[in-house]
Amino acid sequence: MPNLKAIRDRIQSVKNTKKITEAMRLVAAAKVRRAQEQVLSTRPFADALAQVLYNLQNRLSFAETELPLFEQREVQAVALLVVTGDRGLCGGYNVNVIKRAEKRAKELKSQGIAVKLVIVGSKAKQYFGRRDYDIVATFANLEQIPNASEAAEVADSLVALFVSAAVDRVELIYTRFVSLISSQPVIQTLFPLSPQGLEVTDDEIFRLITRGGKFQVEREKIGADVSSFPQDMIFEQDPVQILDALLPLYNTNQLLRALQESAASELAARMTAMSNASDNAGQLIGTLSLSYNKARQAAITQELLEVVAGANSL
């Protein structure tokens, strides 16, 4: 006969676990909202910066400028910036990014190109640190909601690698936020910059909403309102110098957006994982409660039979 006390203890343990997973789900949801608010708050600066770069591009022929970040070189070494999280319990978020980075590294090595890693996140640091990879920089324990100062620090290290010719191309591998149940590891070339990459294109942002008591995501297309500079505008400085000063800001903004996408993807994955864990805990509690009731009923029946048998023997 099953031990009733053991079943009761197991039910209580699962209930406590369910409380923890539910709390973690709500915390992740709140942080996703903060990440969303950060995207919205940084957008005016990003739009203004894109407008200035767009107009400078129209005034200048970038192909004729001798800016280091536009320099095209024969690719002999590539730096891969791999963005993962510092924590687990977020489904396959970290594993998917690491697998994509490993696949890209193998593709480059098969072409005879050296691979250097710049790592963001403790999970990637632990994984690649135990394997034969050339890790040139690591950034761990950053704020879970990325900020501009951290993005600038990472961007500066990447610019230094490219400008010093330690690498000939820099690629960013991060997770693009699609929905609360879907995210996609993607690869983006950061350096060398392409003049076409500075053109203003339609962008989109995500909005986490609550509908019918459940979390949902709405994606909204955003287009920057670009107005051209007057043709008779006179620049106080050389436009090339202005461009050279604005490009670091542009790089930081691009990296910040990627970190925000990764953070939102991680938090959404944790929300989904904790929601599934809470549902599984609820089902397990139901199964254990049914087993407990059956065992309790069996024990009561056994006691009644013993009482009846004792009465008949008198």
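**Before you click**

This is a predicted model, in which local features need pLDDT of at least 70 and side-chain atom pairs count only at pLDDT 80 or more, while totals for chains, interfaces and linings use all residues. Residues are numbered from 1 along each chain as its sequence is written, and side-chain values use heavy atoms, leaving out hydrogens and water.

**Stop 1: the whole chain**

Show the chain as a cartoon and you will find five helices and seven strands. Helices (H or I, at least four residues) and strands (E, at least two) are DSSP runs, numbered from the N terminus. Starting at the N terminus, the order is α-β-α-β-α-β-α-β-β-β-β-α. Of the 314 residues, 39% count as buried; buried means under 20% relative accessible area, exposed over 50%, and partly exposed in between, with a 1.4 Å probe and protein chains only.

**Stop 2: α2 and α3**

Select residues 93-110 for α2 and 122-129 for α3: these helices pack at an angle of about 45°, with axes 10 Å apart. Axes are lines fitted to C-alpha atoms, for helices over the stretch in contact, and angles run from 0 to 180 degrees between N-to-C directions. The pair is therefore oblique; angles under 35 degrees count as roughly parallel, over 145 as roughly antiparallel, 65 to 115 as roughly perpendicular, and the rest as oblique. Now show side chains: Asn-94, Ile-98, Ala-101 and Glu-102 of α2 meet Lys-123, Ala-124, Tyr-127 and Phe-128 of α3. Contact here means heavy atoms within 4.5 Å.

**Stop 3: α4 and α5**

On the α4 side, the residues in contact include Ala-148, Ala-155 and Leu-158, and on the α5 side they include Asn-251, Leu-255 and Leu-259. Sorted by class, this contact has ten nonpolar, two polar and no charged residues. Ala, Val, Leu, Ile, Met, Phe, Trp, Tyr, Cys and Pro count as nonpolar, Asp, Glu, Lys and Arg as charged, and the others, Gly among them, as polar.

**Stop 4: the largest core**

Which residues touch the most other members of the largest nonpolar core? Select Leu-81, Leu-158, Val-170, Leu-172, Phe-191 and Leu-255, out of 36 residues in this core. α5 gives the largest share of this core, eight residues. A nonpolar core is a set of buried Ala, Val, Leu, Ile, Met, Phe, Trp, Tyr and Cys residues joined through side-chain atoms within 4.5 Å. Zoom in on Val-170: not counting residues up to four places away in sequence, its contacts include Ala-79, Leu-158, Phe-162 and Phe-191.

**Stop 5: a buried serine**

Find Ser-278 in helix α5. Its relative accessibility is 4%, so Ser-278 counts as buried. Leaving out residues up to four places away in sequence, Ser-278 touches Lys-18, Thr-21 and Glu-22.

**Stop 6**

Most residues other than glycine have a negative phi, and most peptide bonds are trans. Look at Phe-191 and Pro-192, which are joined by a cis peptide bond with omega about 0°. Pro-192 sits in the loop between β5 and β6. Then visit Leu-89, whose phi is positive, near 55°, in the loop between β1 and α2. Is Leu-89 buried or exposed? With a relative accessible area of 55%, Leu-89 is exposed.
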